[in-house]
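Here are my notes on the charged pairs, as promised. Have the model open while you go through them.

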Amino acid sequence: MAVGELIKDLRMARSWSQGRLASEINDAFGTNLDREYVRRWERSKVTPGPYYLRCLSAVLDVPLAVLEGEVKRRTFISDVAATAIAPVVASDLLGVGFSARLAGGPSVDDWEGKLATYGTEYMSLGAADIQRRVSGELVVVQQQLENPRLWSVASRLMTLYAKTFPGSDGAKAVSWYRLAAEAVDRSGDDQARVWVRGRAAIALGYEGASLGVADVLADQAMAISEKPSLGLLNAIYGKAHAAALRGDRVTALQLAERGQRVFDKVGSYEQTSDYAVPWWRLNVFRSLLLARLGDERRAVEAQEAARRELPVTLPRFATHLEMHRGLMLARSGDRGGGVAYARAAMEELPPEKHSLTLRLLMEEVEAS
């Protein structure tokens, strides 16, 4: 995607006109832009220079590196290899890729089985373990993309891979989420197209990272299909969290109510997969949303509802709920107490279970 298209998507996700975007930049940076200049950016008549890219990054909630350039498919293998964690090194990944091409690779059913396994393991494994293993799978599946169904597989793996990168910077994660959205469109599967975008939106919204991109992906998911699905549910809650973090309480609560209606139709019975949203997990989403909005009574109700059904095999999510309480304390004025409470919750969880999302949540509590 050209930078002009991205600027337009981010602007429209805010429901801003071209003139409004120009005014936001002018107000924040003392510039003298007009609507025509923004129009020329969006039509790729003019490419924003380094200074204006920094301005756009700030007002549109998108990492600067994403505006500067995205991951391209022709460098897919080297990009994966460069970011893979030792002992998986570039030569190993390249060898796996060529071997898969020569051998034909796993069947579609085998890939679906792998995805199911990763969906379960993501809930309990650390980011480093997941990243190391999925990087190899991405190199293999890239060799089989003649089959449209495997574009769906690849995009879901990319979405999982993106979640293993820190969100405070956001550039790597956002690049992979956007690449996943582009890949899943090749599959022709609308359900997968909604899920990939929705999962990315809730990840970014929950983490409080790259809110502009969270809005864009959520809006795209909702535009593809309004049919109730877990992908749509994720998209709605991702957009709700972005609204809450911007202080838009009314929109956040309206979206949460809409999400509840979708959940009532499609909520999961499966309890321990990243592809599922059972009752306890919906309440984890609600707990943080309500804590961010300062609604302590309903946040505590959501926390208690989540704890009643949370599987004991998923202690990381129990830590999430405790840290939400720390956030409530900090937002109520007891910053020191809130930070201490959240930090104690983190320390009770073994370090190898710490996720990038938990670290970002700790940063949010400290900044409250």
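This is a predicted model: local features need pLDDT of at least 70, side-chain atom pairs count only at pLDDT 80 or more; totals for chains, interfaces and linings use all residues.

1. Residues are numbered from 1 along each chain as its sequence is written, and side-chain values use heavy atoms, with hydrogens and water left out.

2. Taking a salt bridge as a side-chain nitrogen of Lys or Arg within 4 Å of a carboxyl oxygen of Asp or Glu, the count comes to 23.

3. Arg-20 and Glu-24 form one of these, at 2.6 Å from N to O. The two sit 4 residues apart in helix H2 (residues 18-29), so about one helical turn separates them. (Helices are DSSP runs of H or I, at least four residues, numbered from the N terminus.) Arg-20 is partly exposed at 39% relative accessible area, and Glu-24 is partly exposed too, at 24%; the label covers values between buried (under 20%) and exposed (over 50%), using a 1.4 Å probe and protein chains only.

4. In helix H12 (residues 190-207), Arg-193 and Asp-190 are 3 residues apart, about one helical turn. Their side chains meet in a salt bridge at 2.8 Å, N to O. Asp-190 is partly exposed, at 38%.

5. Helix H17 (residues 296-309) holds Glu-301 and Arg-297, 4 residues apart or about one turn. Their salt bridge is 2.9 Å, N to O. Arg-297 is exposed at 56%, whereas Glu-301 is partly exposed at 40%.

6. Also worth a look: Arg-14, Asp-61, Asp-215, Asp-219, Lys-239 and Arg-246 are joined into one network by salt bridges that share partners.
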